[in-house]
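Please read the following briefing alongside the sequence and the coordinates. It covers a sheet, a helix, a surface patch and a set of charged pairs.

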Amino acid sequence: MSFMTLFSVLFRLSTYFYLRVIPIHRWARFAIPGFYLGYLVTAFWDVAPEPAVVVVPEKVEVIDIIDSETNKVIEEDIVVEGTALVANGHAKPPQAVPSSGNSTIDFLGSLLLGFPSKSRLLNMAGVAINTLLLVLAADFSYTPLIKSYNPTFTRVGAIDDSSVKILVRYPDLLEGQLRILWQRVHASNKHTDIWKDGPVLDIEEEKDWTAIGKISNLWPSAEYVYKLAYLNSTFLPYPEKPVSFKTFPDPRSSAGTHFKFIVGSCMLPNFPYNPVFPERIKGLDIISDWIDSFYPKPVNSPSPSTTTTPASPVEEAESIIADASAAIVSATDTLASDLPIIKSIVEDSKPREIGPEFMLLIGDNIYADVPYSRGDDLGAFRKLYRRTFASSSFRKIYERLPIFGIYDDHEFKNNFAGENDESKPPFANASSAFGTYYGNANFDRASDVNYYDFRYGDNAFFVLDTRKYRSVPSSDPESLGLPTMLGEKQLHALHTWLGKVNSTSTFKFIVSSVPVTSLWHGYDGQTDSWAAYRIERDSLLDVLQYVPNVVILSGDRHEFAFVEHRGKIPEISVSPISMFALNSMTLYSKSTRMIEKTYLDTIYDINGAGLEVTVTESIPEERAIHYIPSGNYKFASLEVDTRNWRRPTLLLEAVINGKTAYRFEFIGQPVAHSYTSSLALSFGGALKGVLNKIGLTRSVF
């Protein structure tokens, strides 16, 4: 193999790896141009110079033909045997281009790997292909830096049983202000021309042309739509159609809930690289198609008028009475499916699949250091978020689902540990950009924290911040202080939350951007996860094992794993939404640490009589129930059903590359809520809302 062939093969393989496997820029920025330069130099070096003498005979034999009568030479015959090529005064035989003897193989080798060919056209094609690959690598690396992104968009953020946050980005708005208009949508009476004035938003360059508005005094489990308008209530060009949302159920109701949500992390536009769709996030396209599968195709309906019509007093009163009735009925503990007439219909019908209510993005929503770091620059961080929101793939998701987010390391830089120091670069600028596009639209919390919690009916969520307070683990056994992932303040908030939801919520979801399990090994598997903070992790698990129905959600590892902690706490780790996959086994099947598990079992004698006995067995502290490392596009769907409080269920569906790869049903423990207090609170809350809507003072309550 010649040097030209070697450089060509190395160049093409490294370019493919960079664009389609893992975009590691720190070596690619040297390897790819270096191999290309080596290929060009050796390609010209291997061309032999023109020889001084082109062809000379290797053997010359002269044969004399003699006349027999006169004995004189009458003819000479010259015989030349073989030829030689003369270069620089030295004779050598002509060299042939290496060949396999198969023309198809030679053709493909020249075209795909750059092998030298007898064909001048193929050799030129090889140079052209390598040059094109260099251009594509440069396009992937530097076009996002050069290109400007200026999307106009709106999306729903934090939402609960009575309010909603709406994020708007509207550049080039001449007035600098806009108004949110909204209305309740009833299944039997869809108001298309009656809009209520919502908050007025100031769209300022200082906030990257974004603003957040909050609409309050909404009804639980109710459908609404909103549009954006000028201050005179004339609709703006965007959005063309009203954006819909549905409020969450009342957490004080004991009726139970049935809902589904999506969780995932790690997404980078245009990876694996495709020059035709430079801003595509294929994993989000897959999620959009998956969501579409739950709903019938929309029927075209006349769009609402571009101006608002004042609400009719009669219609408004009818709406308030209907809302009050629905709220009071929902305060009881009787399900609609338990009513005699409806029950027979439901039992004879097939279960109806439901679509997701919201999406959790739990880290690496941008990659500030991939393919290379943009430095500590607020404008650069904001541009990365604008690029993501400009993607049509993402627009199909955030215009139809509420999205709640949290950051991980790549919103800052790889394996970032903030050490509770807001001045540590690049935390200030990176967290500010995150707040503009995600954090400020999340659920209300203290101004100096990014972790938060929320409720969906009788289910509770706590989203951790695993970066701001994280200390750098020390390998020095004599170092003072224990390494911390959450910090003292966040740990206190988490324990306080656990105390509140222990007996008031059925399922408790704890969201961690990095895995809690210590089973991952390989690159930074033991240093960037909770494995490096084992003492804090173990103390947290000591508490969680006594809280019923705790479920841990995590990401970051670009793999899917379903892990069981201490024989009862499930962890669902899933990523990436759209990024590289490791495609290698980096998860241990179980931990070496063992624990004692005690449970009740029933044994039966020969007469069929049962006897309860206490059984103690030794089990691994952690074990992998299911593991799938491959797949560039992964997310998880979780369907929660607590309508039967005695048998709450959680259905996990792992979707990988657009197909369901794993399903698991988790049966939770019964959590008996206080019926009396729930009824009183729900009825009181409903009545309070009705009185407020018709204008009576709220100070009565």
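Two strands are taken to pair if DSSP finds at least two bridges between them, and the elements themselves are DSSP runs numbered from the N terminus, with helices (H or I) of at least four residues and strands (E) of at least two. The model is a predicted one, in which local features need pLDDT of at least 70 and side-chain atom pairs count only at pLDDT 80 or more, while totals for chains, interfaces and linings use all residues. Residues are numbered from 1 along each chain as its sequence is written, and side-chain values use heavy atoms, with hydrogens and water left out.

**The open sheet**
- Strand 24 (residues 649-656) pairs with strand 25 in the antiparallel sense over eight bridges, and valine 655 stands opposite threonine 660 of strand 25.
- Both strands belong to an open sheet of six strands with mixed pairing, in the order 13-12-11-23-24-25.
- Strand 13 (403-405) and strand 25 (659-667) stand at the edges with a single partner strand each, so one side of each is left without a neighbour in the sheet.

**Helix 10**
- Helix 10 (residues 427-437) is mostly covered, since eight of its eleven residues are buried (under 20% relative accessible area, where exposed means over 50% and partly exposed lies in between, with a 1.4 Å probe and protein chains only).
- The buried residues include Phe427, Phe434 and Tyr437.
- The buried residues of helix 10 pack against strand 4 (153-159), strand 5 (164-169), strand 8 (210-215), helix 8 (378-390) and strand 13, contact being heavy atoms within 4.5 Å.

**Salt bridges**
- The structure holds 29 salt bridges, each defined as a side-chain nitrogen of Lys or Arg within 4 Å of a carboxyl oxygen of Asp or Glu.
- Aspartate 208 forms one with arginine 386, with the closest N and O atoms 3.0 Å apart; aspartate 208 is in the loop between strand 7 (196-202) and strand 8, and arginine 386 is in helix 8, 178 residues apart.
- Aspartate 208 and arginine 386 are both buried.
- Aspartate 528 meets arginine 467 in a salt bridge (3.0 Å, N to O) and also meets arginine 470 in a salt bridge (3.2 Å, N to O).
- Aspartate 528 and arginine 467 are buried, and arginine 470 is buried as well.
- A network of salt bridges links Arg537, Asp538, Asp542, Arg566, Arg593, Glu621 and Glu622.
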